[in-house]
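Here's a walk through one protein model, written for someone who is just starting out. Keep the sequence and the 3D view side by side as you read.

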Amino acid sequence: MAATEDPRLRPTLIAGNWKMHKTQAQAREFLREFAVALQSSPKDSLPQRGTNPDRQVILCVPYTDLAVVAEETQGSGILVGAQNIHWEDQGAFTGEISGPMLVELGVRYVIVGHSERRQYFGETDETVNRRLAAAQRHGLIPILCVGESKQQRDQGLTESWIVEQLDRGLAGIDLGQLVIAYEPIWAIGTGETCAAQEANRVIGLIRQHLGHVQIPILYGGSVKASNIDELMAQPEIDGVLVGGASLEPQEFARIANYQALATA
Ligand code: PGA
């Protein structure tokens with residue numbers, strides 16, 4: 001295997017997605033408690049599995065919290081992410097936000113194509129593709145979300161649907177500057193987590209389909225302190241995208257400090 005294809009070079013990413021939660025004051029309070037909890041929650045002492053031992057914590061917060069979170073986390077190692085980006089740099093696009101606006105605030109990552117954007121706000125693979133390109137143009141690392149509905153899973157369409165989302169969304173996109181999150185829709189906000197082995201299987205298929213060993217691929221959907229260790233023990237899972245459980249500082253600190261279980 002060529003050195004550039006060594007999976008150990010993939011970073012481990014623990015990303016929180018606050019969605020439409022927390023005012024600036026609440027964000028400040030979270031960060032204060034989170035900093036303490038990160039230090040006091042037990043840290044893994046076991047050897048790491050096959051990824052880079054550095055864990056990168058990312059907080060993807062509402063636009064109004066970006067400046068505060070960027071400022072308060074400076075020098076802490078925590079990076080800031082946004083939850084969407086428009087493909088134009090400026091213009092008459094009421095309610096949207098552009099790459100230069102995010103970059104100026106110190107944002108490093110941006111979620112693109114979350115299922116809630118697709119479901120409630122008409123996001124398509126085509127608009128997702130344009131947003132991904134804009135993020136990369138401005139040096140932001142997009143986190144592309146893909147995943148099937150319950151109905152698609154029941155009909156055996158999981159793999160073909162995800163391949164379609166990838167092929168359309170990623171046309172012309174640089175796979176070297178990208179993170180993917182596999183988020184089965186039926187597992188988002190439902191408490192129903194995809195079994196770790198199944199998430200591992202689908203993520204393995206995504207990696208195989210893209211033919212690029214180094215893309216970090218995360219799992220998302222009801223990740224909690226109680227299932228993080230098992231998820232992170234899977235060889236294909238490079239990290240997690242956490243919704244509800246990222247709102248609570250103790251819980252999210254425990255997730256960030258997951259215990260690497262010994263794996264085969
Ligand atoms: P959840 O959300 O952890 O609350 O299920 C995950 C997500 O939507 O990114």
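H114 sits in the loop between strand 4 (109-112) and helix 4 (115-120). Helices here are DSSP runs of H or I with at least four residues, strands are runs of E with at least two, and both are numbered from the N terminus. This is a predicted model, where local features need pLDDT of at least 70 and side-chain atom pairs count only at pLDDT 80 or more, while totals for chains, interfaces and linings use all residues. Residues are numbered from 1 along each chain as its sequence is written, and side-chain values use heavy atoms, with hydrogens and water left out.

Is H114 buried or exposed? H114 is buried, at a relative accessible area of 5%. For that label, buried means under 20% relative accessible area, exposed means over 50%, and partly exposed is in between (1.4 Å probe, protein chains only). Leaving aside residues up to four places away in sequence, H114 touches N17, K19, C145, E183 and I188; a contact means heavy atoms within 4.5 Å. H114 and A181 are 67 residues apart in sequence, yet their C-alpha atoms are 9.0 Å apart in space.

Now for the cores. A nonpolar core is a set of buried Ala, Val, Leu, Ile, Met, Phe, Trp, Tyr and Cys residues joined through side-chain atoms within 4.5 Å. The largest one has 64 residues, and I180, I206 and Y219 have the most contacts inside it. Apart from that core lies another, of 13 residues, with L13, A15, C145 and L218 among them.

Next, the helix pairs. Two packed helices are described by the angle between their axes and the distance between the axes. Axes are lines fitted to C-alpha atoms, for helices over the stretch in contact, and angles run from 0 to 180 degrees between N-to-C directions.

| Helix pair | Axes come within | Crossing angle |
|---|---|---|
| Helix 1 (residues 24-40) and helix 10 (residues 249-256) | 8 Å | roughly 40 degrees |
| Helix 7 (residues 158-169) and helix 8 (residues 196-210) | 11 Å | roughly 45 degrees |
| Helix 1 and helix 2 | 9 Å | roughly 30 degrees |

What do those angles get called? Under 35 degrees counts as roughly parallel, over 145 as roughly antiparallel, 65 to 115 as roughly perpendicular, and the rest as oblique. Helix 1 and helix 10 are therefore oblique to each other, and helix 7 and helix 8 are oblique to each other too. Helix 1 and helix 2, on the other hand, are roughly parallel to each other.

There's handedness as well: a crossing is left-handed if the near helix is turned anticlockwise from the far one by less than a right angle, and right-handed if clockwise. The crossing of helix 1 and helix 10 is right-handed. In this pair, F30, E33, F34, A37 and L38 of helix 1 meet P249, Q250, F252, A253 and A256 of helix 10. Sorted by class, that contact of helix 1 with helix 10 has eight nonpolar, one polar and one charged residues. Here Ala, Val, Leu, Ile, Met, Phe, Trp, Tyr, Cys and Pro count as nonpolar, Asp, Glu, Lys and Arg as charged, and the others, Gly among them, as polar.

F34 is worth a stop, and it lies in helix 1. F34 counts as buried, at 0% relative accessibility. Which residues does F34 touch, not counting those up to four places away in sequence? They are V57, I78, P249, F252 and A253. F34 and A253 are 219 residues apart along the chain, with 6.4 Å between their C-alpha atoms.

Helix 7 also passes helix 8 in a right-handed crossing. E159, I162, V163, L166 and D167 of helix 7 meet R201, V202, L205, I206, H209 and L210 of helix 8.

Finally, two loop residues. Most residues other than glycine have a negative phi. K22, however, has a positive phi near 85 degrees, and it is found in the loop between strand 1 (12-17) and helix 1. S222 has a positive phi near 55 degrees, and it lies in the loop between strand 7 (217-220) and helix 9 (228-232). K22 counts as partly exposed at 21% relative accessibility, whereas S222 is buried at 14%.
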